[in-house]
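Me: I am new to this structure and would like to go through it in questions and answers. Please show it to me before we start.

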Amino acid sequence: MQVPAYYADTYEEQAQTRVAAVGERDGVPWVAVEHCLFHPQGGGQPADRGWVDGHEIVPVRDHGSGMVVAVASGEAEPLVFSVGQPVEVRIDLPARLAHAALHTAGHLIEAAGRTQGWVLAANNHFPGQARIEFTAPTADARLDSPEGRGEATEALRTEVAKAIVEDLPVTWENDAEGRRIVHLAHLHSAPCGGTHVRSLGDLADVVLPTLKVKKSRIRVSYSADHRERG
């Protein structure tokens with residue numbers, strides 16, 4: 001049985017576990033572990049970088065088994081393991097925290113956009129591509145001029161900065177249908193399969209350039225880092 005440990009603790013870097021299953025994808029061997037630290041790509045977030053017994057791997061979702069499986073990264077030797085074998089697993093924690101910060105900041109920006117009367121249309125939490133897109137169900141005159149768009153962006157920045165200063169908690173739970181619901185305190189709740197920081201005070205350098213409007217969509221690009229706390 002595999003446990004998605006990346007949901008339970010974003011900050012867990014390494015663990016001792018056992019091989020839960022082995023198999024192949026398109027002729028390439030894979031290994032699945034019981035205590036799975038590896039978040040696969042999905043939900044607008046990149047996959048973790050990880051290692052199984054020192055072998056660098058890429059985690060992917062295997063739809064046949066339903067498990068997150070690890071395949072050898074790049075040109076590395078194929079993985080050869082046996083079911084039940086003890087192994088050490090590890091992730092690139094700085095990369096994980098960078099992904100978690102971007103994902104959480106995206107939710108926070110979505111919450112700030114809702115206070116402006118906008119509705120989420122799309123999102124992307126990849127480094128260098130992060131953005132939240134909204135639609136405006138009712139006309140928003142601020143979007144029609146550069147000055148107005150600057151004013152609207154500043155309103156978002158104010159909401160985001162306030163929540164970070166308040167260090168609001170980030171929590172999750174499974175609903176009655178088994179969906180994982182992520183909460184940013186009272187600000188935001190949504191089904192989500194990504195990784196997140198413990199609280200909004202863990203976000204640093206959240207930068208929102210002036211928003212753009214393209215084809216009736218409000219595009220808010222952003223960047224964010226993880227704050228190191230003592």
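Reply: A contact here means heavy atoms within 4.5 Å. The model is predicted. Among contacts in the chain between residues at least 6 apart in sequence, those joining residues at least 24 apart make up 62%.

Me: How many helices and strands does the chain have?
Reply: The chain has 230 residues, of which 45% count as buried. Along the principal axes, its C-alpha atoms fill a box of roughly 60 × 40 × 35 Å. The secondary structure comes to three helices and 17 strands.

Me: How far apart do the centres of the positive and negative side chains lie?
Reply: The chain exposes about 11,400 Å², and carbon and sulfur atoms supply 50% of that area. Its charged side chains are 22 positive and 31 negative. The centres of the two sets are separated by 6 Å.

Me: Which element gives the largest share of the lining of the largest pocket?
Reply: The largest pocket has a volume of about 170 Å³. Of its 13 lining residues, Tyr 7, Thr 10, Trp 172, His 196 and Val 197 are the closest to the centre. Two or more lining residues come from each of helix H1 (5-8), strand S11 (170-174) and strand S12 (180-184). The largest share, three residues, is given by S11.

Me: Is Ala 32 buried or exposed?
Reply: Ala 32 has its place in strand S3, residues 28-33. Leaving out residues up to four places away in sequence, it touches Gln 2, Arg 18, Val 19, Ala 20, Ala 21, Met 67, Val 68 and Val 69. A residue counts as buried under 20% relative accessible area. The relative accessible area of Ala 32 is 0%, so Ala 32 is buried.

Me: Is Gln 41 buried or exposed?
Reply: Gln 41 lies in the loop between strand S4 (35-36) and strand S5 (50-52). Not counting residues up to four places away in sequence, Gln 41 touches Pro 46, Ala 47, Pro 59 and Phe 126. The cut-off for exposed is over 50% relative accessible area. Gln 41 has 56% relative accessibility and therefore counts as exposed.

Me: Does Glu 110 count as buried or exposed, and why?
Reply: Glu 110 has its place in helix H2, residues 93-115. Apart from its neighbours within four places in sequence, Glu 110 is in contact with Leu 120, Ile 132, Phe 134 and His 188. Because its relative accessibility is 5%, Glu 110 counts as buried.

Me: Where is Asp 53 found?
Reply: Asp 53 is not a glycine, although it has a positive phi of about 50 degrees. At 35% relative accessibility, Asp 53 counts as partly exposed. Asp 53 is found in the loop between S5 and strand S6 (55-61).

Me: Is Asp 205 exposed or buried?
Reply: Phi of Asp 205 is near 50 degrees, a positive value in a residue other than glycine. The place of this residue is in strand S14, residues 203-207. With a relative accessible area of 54%, Asp 205 is exposed.

Technical notes:
Residues are numbered from 1 along each chain as its sequence is written. This is a predicted model: local features need pLDDT of at least 70, side-chain atom pairs count only at pLDDT 80 or more; totals for chains, interfaces and linings use all residues. Side-chain values use heavy atoms; hydrogens and water are left out. Helices (H or I, at least four residues) and strands (E, at least two) are DSSP runs, numbered from the N terminus. Buried means under 20% relative accessible area, exposed over 50%, partly exposed in between (1.4 Å probe, protein chains only). Accessible areas come from the Shrake-Rupley method with a 1.4 Å probe; for residues, only the protein chains shown count as cover. Lys and Arg count as positive and Asp and Glu as negative; His and the chain ends are not counted. The place of a charge is taken as NZ of Lys, CZ of Arg, CG of Asp or CD of Glu. On a 1 Å grid over the protein atoms alone, a cavity is a set of points where a 1.4 Å probe fits but cannot get out, and a pocket is an open set with protein on both sides within 12 Å along at least five of seven lines; lining residues have an atom within 4 Å of a point. Grid points are joined across faces, edges and corners, and a volume is the space filled by probe spheres set on the points.
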